[in-house]
Amino acid sequence: MDSVLVEKITRLVLAKLEERPTALPLTPEELRRWQDISASIQGTKAANPAADAAPRPLSREELKRWNEITASMQGTKAGGQVTFYRYNQ
């Protein structure tokens, strides 16, 4: 491809991008949706203060479930290695 042409196209694209504002203000509907999402997140944090705490170890039930899931995975070898197969065999 002609490097001069590529340069001209690149300069035109960059000039066009500079003409447009990079961020448009939110519409009233988008702002309302954002506030709904923010409020629901704040409500979750207030209802569950432990969510902000440091990670905790898995409970016995969670560990049991984790082991069940891990054991049920197919294609896993001993030692945690995974065998990959070609999709188009």
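What follows is a short chat about a predicted model of one protein chain.

Biologist: Before we dig in, what are the ground rules here?

Modeller: Residues are numbered from 1 along each chain as its sequence is written, and side-chain values use heavy atoms, with hydrogens and water left out. As the model is predicted, local features need pLDDT of at least 70 and side-chain atom pairs count only at pLDDT 80 or more, while totals for chains, interfaces and linings use all residues.

Biologist: OK, what average pLDDT does the protein chain get?

Modeller: pLDDT is the predictor's confidence in each residue, from 0 to 100. Here 72% of the residues score at least 70. The chain's average is 76.

Biologist: Which element has the highest mean pLDDT?

Modeller: The chain has three helices and zero strands, where helices (H or I, at least four residues) and strands (E, at least two) are DSSP runs numbered from the N terminus. Helix H2, residues 28-47, sits lowest with a mean of 80. The top mean, 85, belongs to H1.

Biologist: What share of the 89 residues is buried?

Modeller: Buried means under 20% relative accessible area, exposed over 50%, and partly exposed in between (1.4 Å probe, protein chains only). The chain exposes about 9,000 Å², with carbon and sulfur atoms supplying 60% of that; areas come from Shrake-Rupley with a 1.4 Å probe, and for residues only the protein chains shown count as cover. The buried share is 0%.

Biologist: Which residue forms a salt bridge with Glu7?

Modeller: A salt bridge is a side-chain nitrogen of Lys or Arg within 4 Å of a carboxyl oxygen of Asp or Glu, and the structure holds four. The closest N and O atoms are 2.9 Å apart, and the partner is Arg11.

Biologist: How far apart are the closest N and O atoms of Arg32 and Glu29?

Modeller: Both lie in helix H2, three residues apart, about one turn of the helix. Arg32 is partly exposed at 45%, and Glu29 is partly exposed at 49%. Their closest N and O atoms are 2.4 Å apart.

Biologist: Is Arg56 exposed or buried?

Modeller: Arg56 forms a salt bridge with Glu62, closest N and O atoms 3.3 Å apart. Glu62 is partly exposed at 32%. With a relative accessible area of 59%, Arg56 is exposed.
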